[in-house]
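Hi everyone, thanks for making time today.

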Amino acid sequence: MNRLYVCSRCLRSLKRKTRHFATQASPDLYDVAVIGGGPAGLSLLTALRTSKATSNLRLALIESRDLKQARQWRLPPDQYSNRASSLTPASRRFLEKCGTWSQIDHSRLRSYQKMQVWDGLSDSGRISFNSTTTEEAVAYMVENSNLTKALASQLELLKPISMFDNTMVENIQLGPPPDPSLSALNLSSYPHVALSSKHTIAARLLVGADGVNGPVRTFAGIPTRGWDYDRHGVVATLKLSPHKPGSDHATAYQRFLPSGPIALLPLPNGHATLVWTTTLEQAARLKSLSSGDFLAMVNAAFRLSVIDIDFMFTQTSGQLDEFQWRASVHPISDIETSGSIPQPVVSIQPGSIASFPLRLRQAATYTSDRIALIGDAAHTIHPLAGQGLNMGLSDSQALAGVIGNAIEHGADIGNELQCLDRFNNEVWMKNNRMLGIVDKLHWLYNARNPFIVGARSLGLRAVDSLNPLKGFFMRQASGS
């Protein structure tokens, strides 16, 4: 049984443990207020504005950053952000539907048609995906800031919403008991959000798109389940050498090492983004190295044996010389031109190396009365399958659809039974399955037991030889 499963009876029993009431006042009243201006929150608002059923709702966005800067984000053509994501075909279709796909700077976007995945302890265990399997691009690499800019720009073109950017949430409380002398409208069940700008807003539906430790989930009293992986994800923007016959820059590569997977994902103009999951000690070592030694470690991680890589991590410096010597002893020219590994990386974009801790979290429920959680506020996932951003966009699409359905049927969009339960039922278990699958892959590929290594390599080869089965797995990963 999946360790993240929570029975429906337990979900129903979740209640806000403490209820504080806002002071008697006349707040600005909104149909939907979203806290968090990342891709999940912005895509929800964009979807609501572009749907006929919800286009006239009164909407508000609360965001601590300056969204004007987000709309004006720009980097030189030869520089790329170190935070980039793989958008699935399903995410692309959602963005097209709400008019955002055309707003993305496509000169900075790279689709890829192929993906090579293999086991670092048994290089014979390999699976290859390509566009003939999925009938469209495997995925589209886009910088997170490029996507945020496109969403914010598209939202600005639509019917205006109330923007509270550069604004912090000071507290969230329930509305005061009704006072007939002030208003006939009973706002006692509505969340009231006090802002650093001295505004107070009330919402029929308050959406938390505010990250792992955001105030919305805290206010709702919704617990999370999960664990830390004791791993960090090291990211960097790299430049690849010019491609040679049999190889190209439009393929994604991922090799599973015992400490975690290393992935090199294509960006335009011969660039690539690195996501290397490894231990805290190895992450610290990588960040301490010179540019030449860091590049040597990346090239070694795709070419040398695990024993060689582990030894190079014990060195405080000199990895470049060590890699060149080991590569000469174990010639790799054949695989260099086969397309089964990436082209050598030749330079690092200055200042692009960073790391972040990896964890799994799943909120016990995504909804409470007049509350919904989306994106990282609802779940966080290991990056090995590149599903985090796509899950957030899928949340937004589902919630926008549920709100639209409620409007069309005259239901209260903030009521759990009339509206929000449908959203929770649609996405919670689907996300829970994805979290469980990715978690099990992490632990499976951490194992060095030879029997487990042999079994997983055999499984990869079996899937690779069966195109229908391979197509099924790709459709699941792509959200199709």
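Let's begin where helix α9, residues 291–301, meets helix α11, residues 319–329: their axes come within 7 Å and cross at roughly 35°. The axes here are lines fitted to C-alpha atoms, for helices over the stretch in contact, with angles running from 0 to 180 degrees between N-to-C directions. In general, two packed helices are described by the angle between their axes and the distance between the axes.

The crossing of α9 and α11 is left-handed, meaning that the near helix is turned anticlockwise from the far one by less than a right angle; clockwise would be right-handed. On the α9 side, G292, D293, A296, M297, N299 and A300 meet Q319, L320 and F323 of α11. That contact divides into five nonpolar residues, three polar and one charged. For that count, Ala, Val, Leu, Ile, Met, Phe, Trp, Tyr, Cys and Pro are nonpolar, Asp, Glu, Lys and Arg are charged, and the others, Gly among them, are polar. Contact, by the way, means heavy atoms within 4.5 Å.

A word on the ground rules: this is a predicted model, where local features need pLDDT of at least 70 and side-chain atom pairs count only at pLDDT 80 or more, while totals for chains, interfaces and linings use all residues. Residues are numbered from 1 along each chain as its sequence is written, and side-chain values use heavy atoms, with hydrogens and water left out.

Now S85, which sits in strand β3, residues 84–87. Is S85 buried or exposed? S85 counts as buried because its relative accessibility is 15%, and the cut-offs are under 20% for buried, over 50% for exposed and partly exposed in between, using a 1.4 Å probe and protein chains only.

L389 belongs to helix α13, residues 388–408, and is buried at 18% relative accessibility. On that basis of sequence separation, its partners are P39, S85, L87, N144 and L147. P39 is 350 residues away along the chain, yet the two C-alpha atoms are separated by 7.7 Å.

Next, L267, in the loop between β14 and β15. With a relative accessible area of 0%, L267 is buried. Its C-alpha lies 8.1 Å from that of A250, 17 residues away in sequence.

Which backbone oxygens does the R255 side chain reach? One belongs to G120, at 3.3 Å, and another to A301, at 2.8 Å.

Zooming out, the chain has 16 helices and 20 strands, and 55% of its 480 residues are buried. Among contacts between residues at least 6 apart in sequence, 78% join residues at least 24 apart.

Key: Helices (H or I, at least four residues) and strands (E, at least two) are DSSP runs, numbered from the N terminus. A polar contact is a pair of N or O atoms within 3.5 Å; within protein, one must be able to donate a hydrogen and the other to accept it, and residues adjacent in sequence count only if both atoms are side-chain atoms. Lists of a residue's contacts leave out its neighbours within four places in sequence.
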